[in-house]
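Open the model in your viewer and keep the selection tool ready.

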Amino acid sequence: MEKPIKNRGVFVKLLWLSIVFCVIISTILLVSCANVKYDTNYYFVEFTKKQATFVLPSSAKLSVQKQTKYYVYEEVVADNTKASNNFVKYTFDNSKDTSKYIFRIEQDNVATKAGFFQKDSKFKIPIGAESDNNSLQTESVETANLMLTNVGNNYFKILQIGESFDLTTFRNSSILNSLVGNVQIEPTFECSIVKGDSISIDRVQENIFTIKAVKAGVAQVKLTYGQIDVLTNSKLKKYSACDEDMQIVITFAVGDSYSTDIKVTAENCEFDSEFDIVYFEGDSGHFEIEVSNASKVICNDINIIEKNGKFVLPINQGSNIVEIISGGKSKFMTIYGAKIKIDIIGECVVGGEITIKVNGILNVLPKLSGIYNPTQKFANSLTPSNGSNLYAIVQTMSDDKSLVADNVSQYDFSKNTNIKFVIKKEYLVNDKLNVNFKFKAEWWGLVLGAHRDIGESGIQTNINAEKYSANIGFFPSLEIDVLLKTL
């Protein structure tokens, strides 16, 4: 009886050694397969009806969020995280409703990759330059837009020592999963001090920064954002970084020597820095503002001389910093200048048809979920809408007779600037056609500036959106010589 027991013990030991050996061999094979399958030049993303899987180099950082309301997100933790051979594999449950899930992948010196969860797809996303890796298509999304913030209508905020303010930024226009779904992704913004030391800056998330007042004085910060590549269905859409001319400068003033109550108007309307772009032709322009009881106005470090209560400011491309002193207190404002080019197509004679095309209009009123949704042109409707268009006002015509550009796009205002009309003799003054421009935006949603009041609770779907309109931006006048010859 003892012999079988002894043999059985030997058998168990051999079996145990065999299992250990197989595990070691399997591990070696798995690591070897990982070397073949995964390449550090790519991110590997796969969605099935059960799981969402991300395999990334260990130097990359993954975050997944669920949009619970517009502008409110909660972190989603991976069900399983496994590191092996310089890669990390993250697994998420995709069997539930993940339609409001977004992911973002960040890595030093690499454009941010982001996207929306799907149900049945597999991607090999190039980390750096594009390559002919698989069926993934890449598409560059051309943008020439600014950004919105919660600072206020002059890019100017007053704080007291020790006070904190969460600076929140939004790309213009929004990156959405669809115009109906409204699940939103923001690029990674950068906020840096360019002048002064009265504040400190701490990043909260990709588009939120805590500004803390540390001592009395003025500080100016530059706001910009980086490139982001967004996976939407089978395409990787490349949204370019904010170029240098599009960067915004915000002024933070700490102490009691400053005021926001100094009223600034232009053409008898209160000026709003976020929407009222000052356009000009050529290398620079000029812009006239009205300020009551100002003792001093400084624009781009130049002292501006008052003429009958008005100040003519020199305007350059990009952010122009204006300081207004009244009653012993200062107010700062940023005026954004943008270069445009006006083309005239056709023969400039009485009876001739011409097209005026204004190139360079910025899309300053975006689609912003629950807040702004620019209208289309629907004349025959129970709720007719006009869209957002450029208007030309001939000197001899009243405003209600102004000439309207074609409405081409609901969201890209730069396309809505072709004004075609026939020159009539009654339009002329001294054989010249004098034209002023205005851009009238129309949208469903909330009042202009409502984005500055987005709180921690976010915004609900606006099912009772009202229709609003406003003239935004200021344009140079145009003078055209016209031949009296009639066609």
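**First stop: the cavity**

The largest cavity has a volume of about 40 Å³. A cavity here is a set of points, on a 1 Å grid over the protein atoms alone, where a 1.4 Å probe fits but cannot get out. Grid points are joined across faces, edges and corners, and the volume is the space filled by probe spheres set on the points. The model is predicted: local features need pLDDT of at least 70, side-chain atom pairs count only at pLDDT 80 or more, and totals for chains, interfaces and linings use all residues. Residues are numbered from 1 along each chain as its sequence is written, and side-chain values use heavy atoms, with hydrogens and water left out.

Select Tyr279, Ile361, Leu362, Val364, Phe413, Phe439, Ile472 and Phe475: they line the largest cavity. Lining residues have an atom within 4 Å of a point. What classes make up this lining? Eight residues are nonpolar, none polar and none charged. Nonpolar covers Ala, Val, Leu, Ile, Met, Phe, Trp, Tyr, Cys and Pro; charged covers Asp, Glu, Lys and Arg; the others, Gly among them, are polar. Over the whole structure, the search finds one cavity of 30 Å³ or more.

**Second stop: the cores**

Now select Ile250, Ile356, Leu362, Tyr372, Phe421, Leu433 and Phe437. These have the most contacts inside the largest nonpolar core, which has 73 residues. Strand β41 (residues 432-445) gives the most to this core, with six residues. A nonpolar core is a set of buried Ala, Val, Leu, Ile, Met, Phe, Trp, Tyr and Cys residues joined through side-chain atoms within 4.5 Å. Buried means under 20% relative accessible area, exposed over 50%, partly exposed in between (1.4 Å probe, protein chains only).

Move to a second, separate core of 24 residues, which includes Phe47, Leu62, Ala78 and Phe123.

Select Asp229, in strand β20 (residues 228-232). Strands (E, at least two residues) are DSSP runs, numbered from the N terminus. Is Asp229 buried or exposed? Asp229 counts as buried, because its relative accessibility is 1%. Show its contacts (heavy atoms within 4.5 Å). Beyond neighbours within four places in sequence, they are Ala111, Thr112, Lys113, Ala114, Leu236, Lys237, Lys238 and Tyr239.

**Last stop: the whole chain**

Zoom out. The protein chain has one helix and 44 strands. Of its 487 residues, 48% are buried.

Terms used
Helices (H or I, at least four residues) and strands (E, at least two) are DSSP runs, numbered from the N terminus. On a 1 Å grid over the protein atoms alone, a cavity is a set of points where a 1.4 Å probe fits but cannot get out, and a pocket is an open set with protein on both sides within 12 Å along at least five of seven lines; lining residues have an atom within 4 Å of a point.
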